[in-house]
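Hi,

Here's the structure I promised to pass on.

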Amino acid sequence: MDLILQLLFTGIGIGSVYALVALGFVLIFRAANVVNFAQGEFSMVAAFLMVVFAVDLGWPYWLSILLTLGGMALLGALFNLGVYYPLRHRTYLPVIISTIGASIFLANTTLALYGPQPQVLPPVFEGQGFLVGPVFLDSQYLLIIAVTAALVAFQYWFFEHTLVGKKLQATSQDKEMAALLGIPVAGMIMLTFVYSAVLGGIAGILVAPVLFVSIQMGATIALKAFAATIIGGFGDVAGAIVGGLALGVIETFGAAYVSVPYKDAFAFIVLVIFLVLRPQGLFGERVAEKA
Amino acid sequence: MTSPPAKPAAPRRFPLGSLLYAAAAAGAVALAATTPLNGYLLNILMQAATYSVAVIGLTVVLGLCGQINLAQAAFFGLGAYAVGLGTVDAGISFWLCLPVGMLLAAGLGAVLGASTLRLGGHYLAMVTISFQQILTLVLTNWIPVTHGPDGVPGIRRPPLFADGQSYLALCVAVLALVGYAVWRMPKTRLGRAMRAVRDNELAAGVAGINVYRTKVAAFALGALLAGLGGGLFAGGFTYISPDQFSFAESVVFLTMALLGGVGSPVGAVIGTGLLILIPEWLRFLKEIPGLYLAIYGLAVILIVVFMPDGIWGFLGDQVRRLRRRRPAPPPAGDLVLEQAAGTGAPVLEVEELSKHFGGLKAVDAVSFAVARGGIHALIGPNGSGKTTTLNVLSGLYTPTGGRVRLEGRDITHRSPHARAAAGIGRTFQNIRLFRSMSALENVVIGAERPDNALVARDRAALEARAREALAFVGLEGRADEPVASFSYGHQRLIEIARALAGNPVLLLLDEPAAGLNSSEKNALTVLLRRMAAKGLTILIIDHDMTLVSDVANHITVLNFGRRIADGLTAGVLREPAVIEAYLGEAEGPATGLKTDLAPA
Amino acid sequence: MTTRRAFIKASACTIAGGLVPGVIRSAWAQGAGATTRIGMVLPVTGPGADAGRFALNGAKIALEAVNKAGGVLGKPLEIVTEDDQTTNPGAVLAFSKLASQPDLVGFLGSIRSTQNHAMAPDILKTGKPVCFGGTDPVLTQLGNPWLFRFRPNDSFSARVIAEHGVAGLGKKKWAVIHSTDAFGTSGAKALTEALGKAGATVALDQGYANQSQDFTPVVLAIRQSGADVIGSYFTFENDLGIFARQLRQLGVTAPWVGSPSITNVTALKLAGPSLYGTYGVADYAEESSDAARAFGKAYRAATKLAPDNQSSWTFDAVTVLAQAINKAGKTDPQAIREALLAVRGHEGAEGTYNFDKNGDGLHGYNVVRNDKGTIVFDKRIDFYQG
């Protein structure tokens, strides 16, 4: 039993990371109908920025976080201008490829600037965690779960109860109609990219103490988060959260009870099963082209 | 059934291009076999040649058919492992292993495509990535079979090609053959179908192309070529390991295809060559780890933004401008539209047809019949369910209930292309042409409709038929121009010609007058009458009451998804319910709708 | 190597062929023919770039020493490098690029076994000695006469891990944890064999895929198995770091004897206190001999970094290769080969080199202990028998 609880905690912790990154995917997908293959690199860049501010320069943790998130906002804006905006009238294909190019660019620019060594970012809390009965709760994972929950709540409030949030929703549902209503569509999409980059940044800052800071860290998480997005139903926030958590748990239990080396395959097998049996995902609606 | 009238054979063009190609290919093979190469050059050329074959596979999937495939390295790996494990562990001949690997790749490609191609787009990207990851895991972890991460050393080349140079010559020869096949492919039936699917899936379906099967075929073919390239690669380097076929390689393949230009095998070879050579030119950048790849990533973005058709696409445009115009084809004959002998039974019977979107009853138990010959109009105010009905009739929507019969056959559950085969042709309100093709090619696809017994399946006959259809709508002189260069009104005519070329039993016209100016509308009226005069049965929906009352001899009126009137034109237009639906209750019931049709 | 690299390295790959030579030229050696040149395949890009830099550092230190002592065949020695991009095709192209330069008399191969496997056909064709650091035992049993190993192979590391755990620590119930890449699987296989011979049992044999983000299931499996000692083959330090932390968090206190990666600088930095008290086998241990100390001193002086096995083997390879060429007195490959095979009792940074007929130069490992973050030399176990 304690074994199952331990695995469950780990699965939810890992799943929260996927969910957090998936949230960024979903936002951009909804606003711009773009799958951002560089979402994972947002997390990676943020983790490196933290290392620069908090470790190399030795600035206070809170200040480093602020600076890092500011940097991510800027990166999100530049990303929108450079990678998405010029292609906004083309089909999904060039945009996918362009974001893949961006992910290569970000990863290797970081490599060129910082070198290939993995780095250590100290956790927010000193202690590693504590035992509850036989189950060890890693404090960083607890923090990740808490922040994910808080962000989901914030996002809900933001979209449902603020004017900007409603404008964003209108934009994601029907750009032409939104434009007719006087909503600055380009500005809203810009805001989405900025917010997604910040979300990715938060995910990166949170996982860095657990997974270490390496050039590869973003890509592995992003693939899983992407799978979570599809399982949850593309374009659905609740779906991304549930999909991410489910994936984390499935993966952890699959590794424990089926095979450790094939751990990464579980995510993709689940994904393929979903695509064949329920392509709209857990929450999504089937999308059809109109004649 | 009468045979189509004899036509003068179109002058066959001297196959200069093919001959030049053959000469160049033979030259390249000879060069590869005889020029003394050091090991480094040999390896780099071997890599370029085998990779090119796989990248040409992407030309088919992505370029011709418009489907993304991020697992090309996995298919490449399947071919490579078939040759590796086959020759090393099983001791089977290279010549047997190679096709086995190709079939394995094609088979898995088809299965993968078949299970997910209905989804397309982002989903396809994700599924192919998943397949790629799973294959890599299997290659790494299924050690008893794959040798695991150690890889497979000591792969044997076929006896005749054991030496590096002759093997390179073999690779170049295969590349040349594959390149030729894919170069000619757009002009084949399958190739045209792929391009049509890429340009406009919906229009391809209603023109009689089995969209799904075409996509699966493209996917399987792309995988097959990847398997071929992989098999050759394994023989070339005599050692393979799982990390050579990872997701990163798939991205490289994709970038190679995009850089060179995804529309042509030449582009594939250019892209592959450049991405293998560019690192050579950028040596100095490699002093700082990551810098080279950062620039590479940036280049990918720049290519996509500024050179969407790749290098060859860009060059090709320049070449095309210089090319001589083809000699004018012989004047087109008269368009034959052949209709079954009138039995008196209606062509189309719609019974209690319903289409609900969630709670919205867009079409609600509508019944009507379309008699053979003449023009039947389906009208109604905005939101009355006209277009939905048409979409159900042509198979784009599955009905919630009811039946549709065409010439007595139940077609309710058939797919769009099966309905096209049964004889339904249609046009779209927002014109759906295959934008990358010429007017003629668009119409040839219409003529290729399955079960179109009127046309032989050879190119000359199809083109002659297409020219006739274009002549019928008055655009024969501009047949070879790309459709994008036509005005909106002319594009609509091309769409009609595309449907006519298929010799449909029933032609569905979706608001053909939308967006036309008054003189174009007049021309359309005349055209519709000429079509009807040929005995064609037409179901038209339109807002333009003048047009409808002008040409239609029978009208069905819908409002809020329900049929509110049905009958001969003049009578229907005077029915109070119809007038009310169109004008609201303000108008008196006796006024009648303003038309220039004299009351019958 | 990595089973799952994702977007990032995207292109790393083969795009390439890529090959970019950074040529290390001593200021006073310009122009062809003025130097004796050897080639070196190393990762400059890709995930191994880090290791590549260390390898180059070690080679450079040896190069300077060789040239200070008069060079090779009366001429200064020069190293020509090519980037293998940390991929197998990259290594093949890098090597064939070097091999196509006829004046290169010998080569330094890769520290990665699969890359050496990939290059082996070209090495055989080229017919010149290649000194490499990959530890897959099979490499020197391929019948390829041109491969010379400058690190002890995995059969030795496994025997040393088993010997230290069973005889030294007195533990007989083992959990074997290993990466599923070539290095990990071959190491685990050898360890299982060695444990069998030593009369110990394997309670758990658990592989994992590289770049795993979580090791909870693995750690729980160790706990379940009741193993009282852990033997490990980890390839990447970040995997090792995550595993070490979770192992301690979940309360596993069994002693741990790991493959060389457990002692390297990056692993120590990442895992921190989680690795305190663990044992590792190390082909390089600074305190293991005078030669090792001397190399350590020179390395620290040149780079301000702590020396490790990624630099020590290239240091030894360049030193020994230069000696062999001098001893052969000519650049004839066969003569150099015979001179290399005749090396006996050379005190290198990694240990005492005695080449056997297969081309294996080293036959033992050092056992080291992590004493609160400092690597302390424990003992050397050598299996060389004349």
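Ala282(C) sits opposite Asn366(C) in E14(C). That belongs to the pairing of E11(C) with strand E14 (residues 364-371) of chain C, an antiparallel pair joined by four bridges. Two strands count as paired here if DSSP finds at least two bridges between them, and helices (H or I, at least four residues) and strands (E, at least two) are DSSP runs, numbered from the N terminus.

Before you go further: this is a predicted model, where local features need pLDDT of at least 70, side-chain atom pairs count only at pLDDT 80 or more, and totals for chains, interfaces and linings use all residues. Residues are numbered from 1 along each chain as its sequence is written, with chains lettered from A and ligands numbered from 1 in the order in which they are written.

Back to E11(C). Strand E10 (residues 256-258) of chain C also pairs with E11(C), in the parallel sense and over two bridges, and Gly258(C) stands opposite Gly280(C) there. The chain gets from E10(C) to E11(C) through H8(C), in a right-handed β-α-β crossover (clockwise from the first strand over the helix to the second, with the strands pointing away from the viewer). Strand E11 (residues 279-282) is covered on both faces: Tyr279(C) and Val281(C) are buried on one side, Gly280(C) and Ala282(C) on the other. Buried means 20 or more other C-beta atoms within 10 Å of the residue's own, with C-beta atoms placed from the backbone.

Next, the side of chain C that touches chain A. The contact involves 32 residues of chain C and 34 of chain A, where contact means C-beta atoms, placed from the backbone, within 7 Å. H7(C) gives the largest share of the chain C side, five residues. By class, that side has 14 nonpolar, twelve polar and six charged residues (nonpolar: Ala, Val, Leu, Ile, Met, Phe, Trp, Tyr, Cys and Pro; charged: Asp, Glu, Lys and Arg; polar: the others, Gly among them).

Last one, over in chain B: is Gly502(B) buried or exposed? It's buried, because it has 29 C-beta neighbours inside 10 Å. Gly502(B) lies in the loop between helix H19 (488-501) and strand E7 (506-510) of chain B. Leaving out residues up to four places away in sequence, Gly502(B) touches Gly208(B), Gly425(B), Gly446(B), Ala447(B), Arg449(B) and Asn452(B). Asn452(B) is 50 residues away along the chain, yet the two C-alpha atoms are separated by 6.1 Å.

Cheers

Technical notes: Buried ≥ 20, exposed ≤ 12 C-beta atoms within 10 Å, placed from the backbone. Contact = placed C-beta atoms within 7 Å.
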